[in-house]
Amino acid sequence: MSQRSLPWVDWQNYWAAGDSHSRHSRASRLIQSLPELFQDALETVRILAPDRRGIRGALLDLEYQRMEMIRFNLFDNGGSYEQYIRGPAGDGTDGTAIKQWLHLQGHDSQSCTGQAIRFRRLDGMCNDIDNPLMGSTGQPFARNVQFETTFPDEARDELSRNRHGGRIGLLKPDPQLISHRLFTRLQSPLNTCEGLPGSAPEATCDYQMANSFNVLAAFWIQFMTHDWFSHLKDGHNRLADGQPDVMPIGRSSRRIDRSDLTEAGKPFSDGSGRLAQAYKTTNNHVTAWWDASQVYGYDQISSMRVKRDPQDRSRLQTVQIASQRQDSQGYLPVLDLTDVPASPQWAGQEATAFPDNWSIGLSFYHNVFAREHNRFVEAFKERALRAKATVDESDDDSGLRNPDEPRKVIRWWDVTDDDLFEVTRLVISAEIAKIHTIEWTAQLLYDEPLYKAMTANWNGLYAGTWLGLFDTQEPIVASALKTILKSAGVKHDEKEQLYSAFAAGPGIIGQGNQHCRLWFTRCWNLLDRWNIANRQDINGGTNHFGSPFNFPEEFVTVYRLHPMVPDLLNYRELADDAADTSNQIQRKIPVVRTVGRNATAYMREKGLANWALSMGRQRLGRLTLNNHPQFLQNLPLDRLGKANRIDVAALDLIRDRERGVPRFNEFRRQYGLRTLTGFDDFIDRTLGENTPELKRQKDLVISLREIYGTHTCDPRKTITRAQTNEDGTPINDCLGHEKNQGSHRALVVDNIEDLDTVVGWLAEPIRPHGFAISETQFQVFILNASRRLFSDRFFTSSFRPEFYSTLGIEWVNNNGPDGKLYEPEKSNGRTVEVSPLKRVLMRTIPELRSELKHVVNVFDPWARDRCEYYSLTWIPRADATSDPDFQSNSAQRTCNVNPN
């Protein structure tokens, strides 16, 4: 309770929400000595050990936050928001029940029938067959904040004027000054971040490292964001007379192309003056779905860059590389600029749908999933050969169906190459979504509450079924959700909608994909009435919560994760029988040399296995201030001319300001987080005096105050309508400081309201255990992470063999074709399934099997010993003690144990 007055979440003080030191040792040992069945029974009757009570408390917080934001933070920019607020008839009836929107209906040529229902379309249409345009290429980004709070530097709203007092603008404070003072990595004089001749391993470049997250994780999120959102259209922003329309980045001579924004700001029709859209809108130039569009394409032009095997069009084309002759699965071919529309800056890169901002990490993942695509095709065709050779006709059925001929069995060998290509895209898209949900995110948020939450997000609250009929719940998550729904004052019909969404038996994945004849929550095939000819069955599992799905601009903001990338890559080579090279750093290669066409060259020279080892073992950078990679602050940008270099760290600030993202304090209030009252709130008061971290935080506060400044506040000016003070009074310009000072004296306060959002969340000093991201980022994640699953029928009611094939469903559910596999040893106290990405790597890069033997989560540094219960210690596994990355902590050779 002593920390309740702080603006930060108190999860780290909940039982069992941290590492082994957070557990109640005696009660934990007693409960864990019981079989899991008895542990669940104790939970059901509310006999809770302190550890389970702590996890349940964290989950209560999490579910309450998510449900509150679903009710109050969905702002569609496409024209439906007034209907959402005022109801279908404008009479105040419940707008959350709306499921169809006129502006997303399209025209006759965009109707969802036949093949448009069977597969994912390039442009993202027909993922919701009742709203064909939802989430498709070219739709406007949504918002998570009140429209009136957007574009605060333009001061169009009285509260924005009160909040900022004319102090902010596109270049105020100067983005490059912020980059130089607050983002630059601090280095010793002898460091060589640009590398040494021959990429010698003696090069050094300091960065603050995260012990439990590796460089593969940093490049994974770049791979993901290329699928989710892009403000660029085929490599450029706004053009004027065929040339980029440029603007300054800061007070230097550097320039960047402007974003393409459209004036909007449409008011409500009732004359209230309330906005039905943000003041300006921007469009998403890729699909908003989790459809692997970065691999397969998001429109007709991008699909022309995707090379299919001319000998077998169900496969992606791969070619053999002379330097990698032992690698039979091949590499993606190079983009041929003479036969496809492409920018000159992409010359020499691999051929793929989204080639912009190409890096060694993107090269890695695109090659891996091209191989995985082909592995699925091979398995499908092997199944077809086996089925054709048997006399049992029941083996002939692939599970696929055509909605134009719903009763016709499609045999394995009748599937055309084009149809198999599309089926494989569905499988690869689902694999990628699963990896991100239960593997990447579980390591990003490395603690027990979030492990349970993310597992429930994918699989639901049910651990399985009894005899295939009745669901057996994951009791600790289910009871937390039921408590929240009971106490939140949610209306009955809304309660049922929310609970059915969050607690559905099969989870989000597969929600609504059965239509049972009787009362069973799950049913055998004979009792399942689901029919591909029934549009309600196809689409009935989606849930938009009354607001059409698209990513909000605020979601883009919190994925500005550039500090994760190091300046130098520790290149290693996989051990062979002759030499143990895995524990040796062969070279330190500057990341800036591995971008664009150089990424392709390095990948082909060194090979996928060696790059997997290198990025898998190296720690990424912590998300904090003074930790941006130096090369990104002076990066050549070919599309604006060879001589032009940009400061990407400064550009992050520019783009957020240009696209109208509220500044940090109002941003937090909009998401239901507490207001900060000054820069001193960025100091963790629990730190011991004279500790280096306390000194670092105090120095940062000084810098923040020097850059953003102070002002004499006016308590008469209300600055927000999102929240009030605890006593119900409006939050004013003095942020409560006036209560401690006589009214006759002028009061000077920090310009905390002007703080850029990215700067604010990088400065946050307190995070729950194991969190790589800040509390503010996490809040945005809670709301948006699951919406793209809920709204996509291919993950809900259309997650069935009719679309994926029986092999495809097995592949996604079991992480491959060989059934479920489990790790030989427990991790964090439980038996764990072999993770989906680990299975992918073992199929596509089989020479990694020995190295991966000890790896539980591919995004955890591979040579780190995970020790016991959610340890974050940097300790080598037994066969990696000679690895130089562990030599700095030579005294730390054993795992931490609970001292109780």
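Tutor: Helices (H or I, at least four residues) and strands (E, at least two) are DSSP runs, numbered from the N terminus. By that rule the protein chain has 28 helices and 16 strands. This is a predicted model, in which local features need pLDDT of at least 70, side-chain atom pairs count only at pLDDT 80 or more, and totals for chains, interfaces and linings use all residues. Residues are numbered from 1 along each chain as its sequence is written, and side-chain values use heavy atoms, with hydrogens and water left out.

Student: What makes Asp 885 count as buried?

Tutor: Buried means under 20% relative accessible area, with exposed over 50% and partly exposed in between (1.4 Å probe, protein chains only). Asp 885 has 18% relative accessibility, so it counts as buried. Asp 885 lies in the segment after helix H28 (849-852).

Student: Which residues are in contact with Asp 885, leaving aside its neighbours within four places in sequence?

Tutor: Contact means heavy atoms within 4.5 Å. Asp 885 touches Asn 570, Arg 572, Ile 585, Arg 617, Gln 618, Arg 619 and Trp 874. Asn 570 is in strand E10 (residues 568-571). Arg 617 is in helix H19.

Student: What makes E10 and strand E11 (residues 587-590) a pair?

Tutor: Two strands pair if DSSP finds at least two bridges between them. E10 and E11 are joined by 4 bridges and run antiparallel. Tyr 571 has Arg 587 of E11 as its bridge partner.

Student: Why are helix H11 and helix H18 called oblique to each other?

Tutor: Axes are lines fitted to C-alpha atoms, for helices over the stretch in contact, and angles run from 0 to 180 degrees between N-to-C directions. Angles under 35 degrees count as roughly parallel, over 145 as roughly antiparallel, 65 to 115 as roughly perpendicular and the rest as oblique. The axes of H11 (residues 360-389) and H18 (residues 597-606) cross at roughly 60° and come within 8 Å. H11 and H18 are therefore oblique.

Student: What meets what in H11 and H18?

Tutor: Ile 360, Ser 363, Phe 364 and Asn 367 of H11 meet Ala 599, Tyr 602 and Met 603 of H18. These divide into 5 nonpolar, 2 polar and no charged. Ala, Val, Leu, Ile, Met, Phe, Trp, Tyr, Cys and Pro count as nonpolar, Asp, Glu, Lys and Arg as charged, and the others, Gly among them, as polar.

Student: Why is helix H7 oblique to helix H20?

Tutor: The axes of H7 (residues 175-183) and H20 (residues 648-658) cross at roughly 130° and come within 8 Å. That angle makes H7 oblique to H20. By class, their contact has 7 nonpolar, 2 polar and 1 charged residues.

Student: What makes helix H3 roughly perpendicular to helix H24?

Tutor: The axes of H3 (residues 50-72) and H24 (residues 775-784) cross at roughly 70° and come within 9 Å. H3 is therefore roughly perpendicular to H24. Leu 62, Gln 65, Arg 66, Met 69 and Ile 70 of H3 make the contact with Phe 778, Gln 779, Ile 782 and Leu 783 of H24.
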